[in-house]
Amino acid sequence: MGLFDRLRGDDDPRVAFIGIDGVPHSLLAEHPDRFPNFAALADEGSAAAIDSIVPPESSACWPALTTGVNPGETGVYGFQDREIGSYDTYVPMGRDVQATRIWDRIADDGRDATVLNVPVTFPPQRNVQRMVSGFLSPGVDKAAYPDDLREYLESIDYRIDTNAKLGHKDDKSEFLDVSHETLDRRFEAFSHYLKQDDWDLFFGVFMTTDRVNHFLFEDYARDGEYYEEFMEFYEKVDDYVGEIREMLPDDVTLVVASDHGFTVQDYEVEINQWLQDEGWLSFEDDDHEELSDIDDDARAYSLIPGRLYINLEGREPRGSVPQSDYEAVRDELKADIESLEGPDGTPVAKRVVEKQDAFRGDHDDIAPDLTIIPNHGFDLKSKFKPHDDGVFSTGPRNGMHSFENATLFVDDPDATIADADLFDIAPTILELMDVDRARGDFDGASLV
């Protein structure tokens with residue numbers, strides 16, 4: 001049966017999923033000499049670049065990946081969402097995910113899941129074997145269930161996230177040190193529970209990869225000061241994935257994936273500032289700080305990343321655009337966005353996606369009317385406070401998310417990954433585990 005004896009004593013096939021948040025497939029594929037374990041996984045199994053979702057933002061991506069459905073079904077569109085019938089916004093958490101997670105499906109099948117550090121899962125669920133929530137959790141003491149998991153994680157100084165604020169410093173040494181420590185503790189916890197071998201689904205996420213990419217990706221892509229430190233960090237990721245693969249029993253299939261790709265960031269683009277400059281957005285006074293401060297004349301506003309909403313009568317509290325004018329106004333706004341160019345003359349938008357082309361489901365009432373997928377280099381922001389630097393500015397980050405070039409590895413040579421996207425991962429995992437499901441439950445399909 002493999003390195004470890006099963007505690008449950010059944011023969012159902014199992015899956016270990018390892019998330020590598022924000023890792024572009026090209027990074028791993030183009031350096032097989034430096035990342036030999038990923039190269040071996042690709043050679044002996046299946047691997048390819050896949051597409052993310054609209055929008056490619058982690059708070060929306062992980063609910064989509066773990067359910068196999070789009071934000072119209074999950075109800076989560078980004079780091080900040082809007083209340084129905086209100087200008088109030090909130091940060092979506094685990095209970096805001098309205099679709100069925102993979103681990104809920106296997107629990108219904110009488111099987112056990114260990115879920116470690118998945119973003120947008122706070123507070124931890126009680127219907128799984130064990131869970132520590134990931135990104136957006138307040139701390140291990142409140143994010144871990146049951147108590148013995150919390151006690152173990154506290155004993156190893158487990159960290160839910162690295163300290164991204166350290167990445168704002170010109171000297172990245174401390175940021176890198178803390179990022180390595182966070183990665184080490186994550187691997188220590190993963191190894192501990194993988195070796196217990198009492199689970200049917202192991203689902204763990206390394207998120208520090210995303211953080212390192214945000215502050216060092218340009219160094220990698222353009223041979224900058226921290227190129228070697230960036231590569232050494234990923235060599236450790238490669239080592240850890242290789243060790244995990246070696247320790248898995250024979251009845252377990254390893255799946256490794258990222259939730260979106262990554263690319264160089266040249267500019268931050270303040271979309272709400274641009275909307276003001278172009279006469280689409282106005283506020284009640286000069287001291288505006290949030291969405292609720294817009295005035296009755298506003299025709300559109302934006303939430304990150306690149307989500308645009310028409311200020312529509314009957315939907316927004318102070319909607320100014322009549323329902324009869326909706327499509328014409330949306331088309332006008334889309335055309336204006338498509339004409340927006342960066343300081344070097346490059347169009348900001350690679351494409352602008354209309355609501356009905358990306359979002360469908362029971363929870364599409366807060367879906368954006370338009371979503372901008374930017375060209376590489378333009379990271380879309382949506383501050384509501386006055387922004388003195390204008391539409392285009394630079395900040396401490398030099399890496400940004402991309403829709404394309406997410407990564408997927410399946411330790412099965414019969415997997416067919418060509419033309420796949422994030423929605424295919426959940427049904428693939430369930431197929432590998434022989435868990436019954438209806439094809440219509442997902443926006444994707446099994447790749448095996």
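Mentor: Leaving aside residues up to four places away in sequence, Ala16 touches Leu194, Trp199, Phe202, Leu248, Val252, Thr253, Leu254 and Val255, where contact means heavy atoms within 4.5 Å. This is a predicted model, in which local features need pLDDT of at least 70 and side-chain atom pairs count only at pLDDT 80 or more, while totals for chains, interfaces and linings use all residues. Residues are numbered from 1 along each chain as its sequence is written, and side-chain values use heavy atoms, with hydrogens and water left out.

Trainee: Is Ala16 buried or exposed?

Mentor: Buried means under 20% relative accessible area, exposed over 50%, and partly exposed in between, with a 1.4 Å probe and protein chains only. Ala16 has a relative accessible area of 0% and is therefore buried; Ala16 lies in strand β1 (residues 14-20), strands (E, at least two residues) and helices (H or I, at least four) being DSSP runs numbered from the N terminus.

Trainee: Which residues of helix α7 are buried, and how should I read their arrangement?

Mentor: An α-helix has 3.6 residues a turn, so residues three or four places apart point the same way. In α7 (residues 147-155), the buried residues are Leu149, Arg150, Tyr152 and Leu153. Seen down the axis of α7, these buried residues fall within an arc of 165 degrees, so they line one face of the helix; the arc is that of the directions from the helix axis to the C-beta atoms. The face turned away from that buried side carries the exposed residues Asp148 and Ser155, and among the elements covering the buried residues are β5 (113-118) and α8 (173-196).

Trainee: How is the chain divided into domains, and what is the area buried between them?

Mentor: The size of an interface is often given as the accessible area lost when the parts come together. Here the chain is divided into domain 1 (14-260 + 403-433) and domain 2 (266-398), with bounds that come from an automatic or database domain assignment. Between the two domains about 3,000 Å² is buried, of which carbon and sulfur atoms give 58%, the area being what two parts lose on being put together, summed over both, with a 1.4 Å probe. In domain 1, Tyr77, Arg82 and Tyr87 lose the most area to domain 2, together 31% of what that side buries.

Trainee: How many salt bridges are found across this interface?

Mentor: A salt bridge is a side-chain nitrogen of Lys or Arg within 4 Å of a carboxyl oxygen of Asp or Glu, and across the interface of domain 1 and domain 2 the rule finds four.
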